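Please consider the following structure with attention to its aromatic contacts and its surface charge.

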Amino acid sequence: MMMLMKLNKIRKIELITVLSVLVIFVIICTFFSEEFFSLKPNIESYDIKGIAVAKKNGEIDWKSISEQGITYAFIKATEGSSYSDPLFEQNIWGAKMNKIYVGASHTFSVATLGRMQAKNFINTVAHYQLNIPPVVIFDISFNERGKDSVLQELKLCLLELKLYFKVDPIIYTTYETYEKFGLKKLKNNEFFLKDLRRIPSLLGDNVVAFWLYNDSGKIRGINCEEERVDLSLFMGDNEEFEQFLISNR
């Protein structure tokens, strides 16, 4: 009898242990699936949506793009101190003709001087009226130069662009690059932040103006081998977007 009671007690303890482990497992799985592995952040409360395109996206049907409620487009103009996107002009006019607000982007390179990169961008976009402040794409995964040196060249690039366009450029970046290069020091620039999981935020005084929420989106009007496109949105309402435009600053 005593043996039977001990056996039942052991089985009860084992059952409680198993149930406790299962509960903990369910809690962990729920937390991780929602917070870390979800690639479908909630974007329904934002009205101003846009795309970012470059040569890799091929010939674009801008009429079809505009019919899908796309408000703005960031169009790649330059990279480094010498490259200019061969489809920049075509994309600018295509977007404008279909009443899409346009911005131009420059991909920053650690291999050349910041002022030279700014001049390359200015020379490429000078003949076109941009609606949105220029975007400097600063996403550095590998760097042989010192962080301070690279940050200084970025600042010089931003300064040259500000002097020409009379507005502070937007900085596109990731959390990793933001932290690595101490971009929180750039108080005057608003940010275009990549976050595929949740609404983006930065500590301190830095403002996130645009949010890249999907880097492999699909949309009618882009039908090429590289049909995936960056989808983003403006982190404010219609009135705030109007105020954000270059013409209203």
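Helices are DSSP runs of H or I with at least four residues, numbered from the N terminus. In this predicted model, helix H6 spans residues 175-180 and contains Lys180. With a relative accessibility of 32%, Lys180 is classed as partly exposed, because that class lies between the limits of 20% for buried and 50% for exposed residues. Lys180 also belongs to a patch of positive charge on the surface, where it gathers with Lys147, Lys155, Lys184, Lys185 and Lys187.

Attention now turns to the aromatic side chains. Across the whole structure, a search finds 21 aromatic pairs. In one of them, the ring centres of Phe74 and Phe192 lie 5.3 Å apart with the planes at 40°, so this pair is tilted. Since Phe74 belongs to strand S2 (residues 70-79) and Phe192 to strand S7 (residues 191-194), the contact ties together parts that are 118 residues apart in sequence. Phe74 is buried, at 2% relative accessible area, and Phe192 is buried as well, at 4%.

Phe138 and Phe181 form an edge-to-face pair, with 5.1 Å from centre to centre and 75° between the planes. Phe138 sits in the loop between strand S5 (135-137) and helix H5 (147-165), and Phe181 in the loop between H6 and S7, so the pair ties together parts 43 residues apart in sequence. Both Phe138 and Phe181 are buried.

Phe74 and Phe192 are also members of one aromatic cluster, together with Tyr72, Tyr101, Tyr172, Phe210, Phe234, Phe241 and Phe244.

Notes
Residues numbered from 1 in each chain as written. Predicted model: local features only at pLDDT ≥ 70, side-chain atom pairs only at ≥ 80, totals over all residues. Heavy atoms only, no water. Patch = residues over 30% accessible without salt bridge, like charges linked within 9 Å, V, L, I, M, F, W, Y side chains within 5 Å. Areas by Shrake-Rupley, 256 points an atom, 1.4 Å probe, with all protein chains shown as cover. Salt bridge = Lys/Arg side-chain N within 4 Å of Asp/Glu carboxyl O. Lys, Arg positive; Asp, Glu negative; His and termini not counted. Charge placed at Lys NZ, Arg CZ, Asp CG, Glu CD. Helix = DSSP H or I, 4+ residues; strand = E, 2+ residues; numbered from the N terminus. Buried < 20%, exposed > 50% of the residue type's maximum accessible area, 1.4 Å probe, protein only. Phe/Tyr/Trp six-rings, centres within 6.5 Å; stacked < 30°, edge-to-face > 60°.
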